[in-house]
Amino acid sequence: MKLSFLDIEATSLTADSGFIVGFGLMFEDGEWIHEFLEGTVIEGEKQLLKKLLTNIEEVDIIVTWYGDGFDIPMIVSRSLLHGLDPTNILMKEHIDLCIYAKKLLKLSDYSLDSVARFFNIPKKIELKGKDMPPIYMKAISGEREALKLIKEHCYDDLNALRLIYKIMARTVSILRAKNSNIRNT
């Protein structure tokens with residue numbers, strides 16, 4: 001089973017007030033790809049989504065952080081808006097690691113940064129979601145430093161997600177199997 005960690009970058013938390021400007025996919029071995037919007041917003045986002053949907057064709061399992069609440073619905077919404085078929089992402093097995101962290105860990109905060117800190121996983125760049133839209137706009141207009149920061153932030157988040165998953169993989173798989181057995185009875 002080929003596993004991939006997914007993170008998207010968007011100018012808003014909702015598909016009707018923002019758009020996707022980038023995505024990152026990281027694999028279990030740490031190899032990764034990052035794509036950022038090129039060209040006009042409308043055509044650039046459509047091409048970006050096509051690349052994303054193509055890149056996940058080879059993946060069996062997608063791991064996200066809060067993907068059920070943000071990444072997947074945003075990808076589906078924006079894909080449908082552009083006349084693209086998002087069903088291949090919906091057909092993939094999906095593990096929203098944030099949900100499992102909330103079920104299995106007793107912490108005061110369940111942000112990716114906080115859980116990474118709890119597990120002593122260093123992150124170079126800790127940006128809040130509200131910090132990102134102005135940086136995205138600078139990157140879209142061609143500012144290289146902003147694009148570099150976005151790429152580094154995406155890598156940092158995906159690597160933290162991958163390392164948290166490595167720590168939690170066994171407990172997550174036990175809980176998933178247990179939940180699967182309950183549904184099958």
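**Terms and what they rest on**

Modeller: Helix α2 has a kink of about 30 degrees, centred on P73. Please keep in mind that this is a predicted model, in which local features need pLDDT of at least 70 and side-chain atom pairs count only at pLDDT 80 or more, while totals for chains, interfaces and linings use all residues. Residues are numbered from 1 along each chain as its sequence is written, and side-chain values use heavy atoms, with hydrogens and water left out.

Biologist: What makes the place at P73 in α2 a kink of about 30 degrees?

Modeller: The bend at a residue is the angle between axes fitted to the seven residues ending there and the seven starting there, and in α2 the kink, about 30 degrees, is centred on P73. Helices (H or I, at least four residues) and strands (E, at least two) are DSSP runs, numbered from the N terminus. After α2 comes G83, with a positive phi near 75 degrees.

Biologist: Why is S79 called buried?

Modeller: Buried means under 20% relative accessible area, exposed over 50%, and partly exposed in between, with a 1.4 Å probe and protein chains only. S79 has 0% relative accessibility, so S79 counts as buried. This serine belongs to helix α2, residues 67-81, where G67, F70, I72 and M74 are among the other buried residues.

Biologist: Which residues is S79 in contact with, leaving aside its neighbours within four places in sequence?

Modeller: Contact means heavy atoms within 4.5 Å, and by that rule S79 is in contact with L49, L53, L84 and P86. For the buried residues of α2 as a group, the cover includes β1, β2, α1, β4, α3 (87-90) and β5.

Biologist: How do you know that β1 and β4 pair?

Modeller: Two strands pair if DSSP finds at least two bridges between them, and β1 (residues 3-10) and β4 (residues 61-64) have three, in the parallel sense. F5 has V63 in β4 as its bridge partner, and L3 stands opposite I61 of β4. Strand β4 is also joined to β5, by four bridges, and these two run parallel; here I61 stands opposite E93 in β5. From β4, I61 and V63 point one way, I62 and T64 the other way, and all are buried.

Biologist: Why are β3 and β5 said to stand at the edges?

Modeller: The five strands form an open sheet in the order β3-β2-β1-β4-β5, with mixed pairing. Each of β3 (32-36) and β5 (93-96) has a single partner strand, so one side of each is left without a neighbour in the sheet. On average, neighbouring strands of this sheet are turned by 20 degrees against each other, direction ignored. Axes are lines fitted to C-alpha atoms, for helices over the stretch in contact, and angles run from 0 to 180 degrees between N-to-C directions. Helix α1 (residues 41-55) packs on the sheet, touching β1, β2 (20-27) and β3, and its direction makes about 15 degrees with that of β2. Helix α4 (residues 97-104) lies across β4 and β5, at about 50 degrees to β5.
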